[in-house]
Amino acid sequence: MTDHAVPVGGPILTRPFKWLMAIFGLGVLLLIWRFLAGLGATTALNDGYPWGLWIAFDVVTGTALGCGGYAVAILVYILNKGKYHSLVRPAILTSALGYSLAAFAIVFDVGRYWYIYRIPLHFWQWNLNSALLEVALCVMAYVFVLWIEMAPPILEVMQEGSSPFFRRLAQTTLPILNKSMVFIVALALLLPTMHQSSLGTVMMLAGQKLNPLWQTPFLPLLFLVSVVGMGYAVVVFESTLSSFFLKRPYETEMLGSLAKIMAYITIGFLAIRLLDLLYRGAFGLAFTSGWLSFFFWLEIVLFVASAAMALSPAVRANPGRLFQMAMLMLIAGGLYRFDTYLVAFNPGPGWSYFPAVPELFITIGIVALEIMIYIVFIKRFPILGGASPARSRA
Amino acid sequence: MGVDRRTALKGMAVAGAALLASGPGDQAREPHPAPSDAVGMLYDATLCIGCKTCVVACREANHMPPERTALGGGIYDSPISLDGQTRNIIKAYEGADGKSSYMKSQCMHCLDPACVGACMIGALQKREHGIVTWDGSRCIGCRYCQVACPYLIPKFTWDKAIPKIVKCEMCSQRIAEGKIPGCCEVCPRSAVIFGKYDDLLAEAKNRLKKNPDRYYPKIFGEKDGGGTQVLYLSKAGISFTDLGLPALGDTPVPELSQEIQHAAYKGFIAPAVLYVALGTVIWRNKRAEAQGKEEKP
Ligand code: SF4
Ligand code: SF4
Ligand code: SF4
C-alpha cells in the first residue's frame, strides 16, 4: 500500500471518446424504440427462446466480467496478499460498472419493467424458491455495495476540491467509511459468492431443455469457480490495457502471479466439469451431439489453452502474451455462460434464435457507455496506482 | 510471513466450513400431492375427432381476439401453435405406420409447477382448486416461467409495448361462476372433460382397465413431472412422446434446483455464518497488518 492511487488526468473528449459517444447514442435511440414498440419489434426473442443476448451477455457474462473486484478482494482481504492492493481500486471500478450496467440491462430486458421496483420492496410477495429472486436481490445489493466501495476515491477528490460543502461531506464520511470497511468488504465477498453460484442454479430449472453436457446439479459450483478464474483474467486484461493506452509501466510481475492462481482455479474447474460428466455418464455426448459437441470442445480447448499459457513462466514474463492468456480465459468463461444460457438451450423443434440487429447494437452501446465511464473515472479520480500523472502523459 | 500464512489458512478453513455446512444433505422437499379441492381435465385422444371446437370456445371463454393467420392468400383464424392469444390448440400426429391421432395442449396445471417455482414475485401461483393462474398486478415480465415450463405453455405477447404472460388458467373465472371450462363445455365427443381431480384419475384408470386394447397403457400426468391436474390418455400404439409430451420421469421438475437452493439458504444460516467468517478473517488480517507496521520501524 506504499504506492498511492492518483488520477491520470488529461482531456476527456478525445476522438475515440467521441466515437464511443456516437455508438452509445445509437444504442439510446434503439432503446427508445424498444420501449415504444415492444420486445417483439426490436429483438429476435420468441416463446421458445424467451432469453437471448441481453440475458446471456449483458447480465450473465457481464456480471462475470465484473467479478474482478471479487476475485482480487479474495486475495487481498482473505488470503492476505497485500502486494495486490494496488489492483483493488481499478478492479472494483470495473466491477461497479459491469454490475450497474447489467442491472440496467435487466430493466430493458424485462417486459413489465414498471413493476421492477417491487422485487426489492415487496418482500411479502417473494418466492424464496426462486433462484432468480436470489440473483436479483443479490445483484441489486451488490451494485450498492460496490458503489460504497468506490466512494473513498470520489470523496478523496472532494476533500481537495473547492466546494466547502463537499469538503465537509468528505471529511465526515471518509473516516466512517474507513471504519466500516470490514463489514462492507465482507458483504462484497459474500454477495457474489451467492449470486454467481445462483446464476448456475437458475438454469437447472430449464431441465431437459438444457443439453445434458451442461445441465448438472454442479452448475452452481461450476459457475462460481469459473467466475473467480474470469475475475483474475479481467484484472490482467484491464491492467494491461490501461498500461498500454496510458503509456504506464506494465505490472507484469504481479499479473503473472495472478495468472498462476487463475491457472490452478481453471484446472479445478475443468476437473469438476469432466468428473461430473463421467459420473453422470454423459461424457459420450461430447462426441455425439453434433455442433453442440463442437461448442463443448471449444470451451474445453479455450480453458486448457489459457491455463497452459498461464503456467508457462515465459508467458507470465511477457505482457503481450499475458494479455492473450487473459483474453482466452474471458472468452472461455463467456462461452461457457453463453452455451449454458443460449447455445445448449433447446426448447424443441421449430424454435430458433439469433440476436436481431437492434438487440446487438443496444448491447454494443452499453459496452461503449461502460468504457466511457471508466475513462472518465480513471482520468479524474484516484483509481490507478503506481506511476505519476506526469509520466502518464509522456 | 508466518503470521500471514497462518491467518490465511485459518481464513480458508473457516470459509470452507461455512460452505460445507451449506452442502446438500438432509434437505428433502415435501411431496406435493393434489390439493383437496383440486379440479382437472381429462383428454382422451381416442375420442377426439380434431374438430377444434374447443379452440374456438377457449378463445370466446377468455375474450381473446381471433388470430389472423395469412395462408395461401387468405386470412384464417388458424393458429399453428399456442401463442400470445391462443391458450388451447389441437394438433395432429401421424406415425410412419399410418397411425394417427389428435393432441390437445394447454397448461397441465402441474402439482409441483416449474413456472411457479421460477416466478420471483408470485405472479404465477397455484391458487384455488390447484389451478395455476397469472396475476398481472405482480408479473415483471422476466419470462423465467417460459424458460422453466417443460411443456412450453406460458406465452408472451411480444408484439405489445405493455406485454403479458398468457396461458390456460382452466377458465378459473368461469369456475368461480359455477360454470365449467369453455373447451370441456363444447366438446361434441366429450374427448375433454372437466371434474374433480380424484374422480378424473379414477375415471382414467377405469377406462384403461375396461379397454386395455384401445389405449396406450399409461395415464400421462398421473406421476409425470411430479403429476399434473390435466390427465391424458392415448391410443394404443401411440406413446405420449409421439404426441409431443416430454419424457420427464416422476421427479418434479423443480425438485433438484430447489433442494440445492434450500440447502444453501435455509433460514439464511449458511450465508450469515459465511458473512461472519469473512468479516472475522478480514478484521484479523487488518489487525495483523497494522501490528506488522508498528513493529517495523
Ligand atoms: S404446464 Fe407449465 S405453465 Fe402449466 S403449471 Fe405446469 S409448469 Fe406451469
Ligand atoms: S414473466 Fe411474470 S409470471 Fe413469468 S416468471 Fe417472470 S414475473 Fe413470473
Ligand atoms: S380450460 Fe379454458 S383456458 Fe384452458 S384450454 Fe380450456 S377453454 Fe382454454
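Mentor: We begin with a definition: two strands pair if DSSP finds at least two bridges between them. Keep in mind that this is a predicted model.

Trainee: In which sense do strand E1 and E10 of chain B pair, and over how many bridges?

Mentor: In general, strands of a sheet pair through backbone hydrogen bonds, either parallel or antiparallel. Here strand E1 (residues 39-44) of chain B pairs with E10(B) in the antiparallel sense, over five bridges. Within E10(B), Phe194(B) is the residue that stands opposite Met41(B).

Trainee: What is the order of the strands in that open sheet of chain B?

Mentor: The order is E10-E1-E11 in chain B, an open sheet of three strands with mixed pairing. Its edge strands are E10 (192-196) and E11 (230-233) of chain B, each of which pairs on one side only. From one strand to the next, the twist averages 20°.

Trainee: What do E4(B) and E5(B) form?

Mentor: They form a hairpin, with five residues between the two strands. Strand E4 (residues 89-94) and strand E5 (residues 100-105) of chain B pair in the antiparallel sense over six bridges. Lys91(B) has Met103(B) in E5(B) as its bridge partner. In the turn, Gly98(B) has a positive phi of about 85°.

Trainee: Now the helices. At what angle do the axes of H10 and H15 of chain A cross?

Mentor: Two packed helices are described by the angle between their axes and the distance between the axes. Helix H10 (residues 219-245) and helix H15 (residues 319-343) of chain A have axes that cross at roughly 145° and come within 8 Å. The crossing of H10(A) and H15(A) is left-handed. The residues of this contact comprise 20 nonpolar, six polar and one charged.

Trainee: Which residues come nearest to ligand 1?

Mentor: Of the 13 residues around ligand 1, the nearest are Cys107(B), Met108(B), Cys110(B), Cys115(B) and Cys149(B). By class, the shell of ligand 1 has eleven nonpolar residues, one polar and one charged.

Trainee: Where does ligand 2 sit?

Mentor: Ligand 2 sits in the largest cavity. The residues surrounding ligand 2 include Cys119(B), Trp134(B), Cys139(B), Cys142(B), Arg143(B) and Cys145(B). Nine residues of the ligand 2 shell are nonpolar, one is polar and one is charged.

Note on methods: Residues are numbered from 1 along each chain as its sequence is written. Chains are lettered from A and ligands numbered from 1 in the order in which they are written. This is a predicted model: local features need pLDDT of at least 70, side-chain atom pairs count only at pLDDT 80 or more; totals for chains, interfaces and linings use all residues. Side-chain values use heavy atoms; hydrogens and water are left out. A residue is near a molecule or strand if one of its heavy atoms lies within 4 Å of it. On a 1 Å grid over the protein atoms alone, a cavity is a set of points where a 1.4 Å probe fits but cannot get out, and a pocket is an open set with protein on both sides within 12 Å along at least five of seven lines; lining residues have an atom within 4 Å of a point. A molecule sits in a cavity or pocket if more than half of its atoms lie within 2 Å of its grid points. Ala, Val, Leu, Ile, Met, Phe, Trp, Tyr, Cys and Pro count as nonpolar, Asp, Glu, Lys and Arg as charged, and the others, Gly among them, as polar. Axes are lines fitted to C-alpha atoms, for helices over the stretch in contact, and angles run from 0 to 180 degrees between N-to-C directions. Helices (H or I, at least four residues) and strands (E, at least two) are DSSP runs, numbered from the N terminus. A crossing is left-handed if the near helix is turned anticlockwise from the far one by less than a right angle, and right-handed if clockwise.
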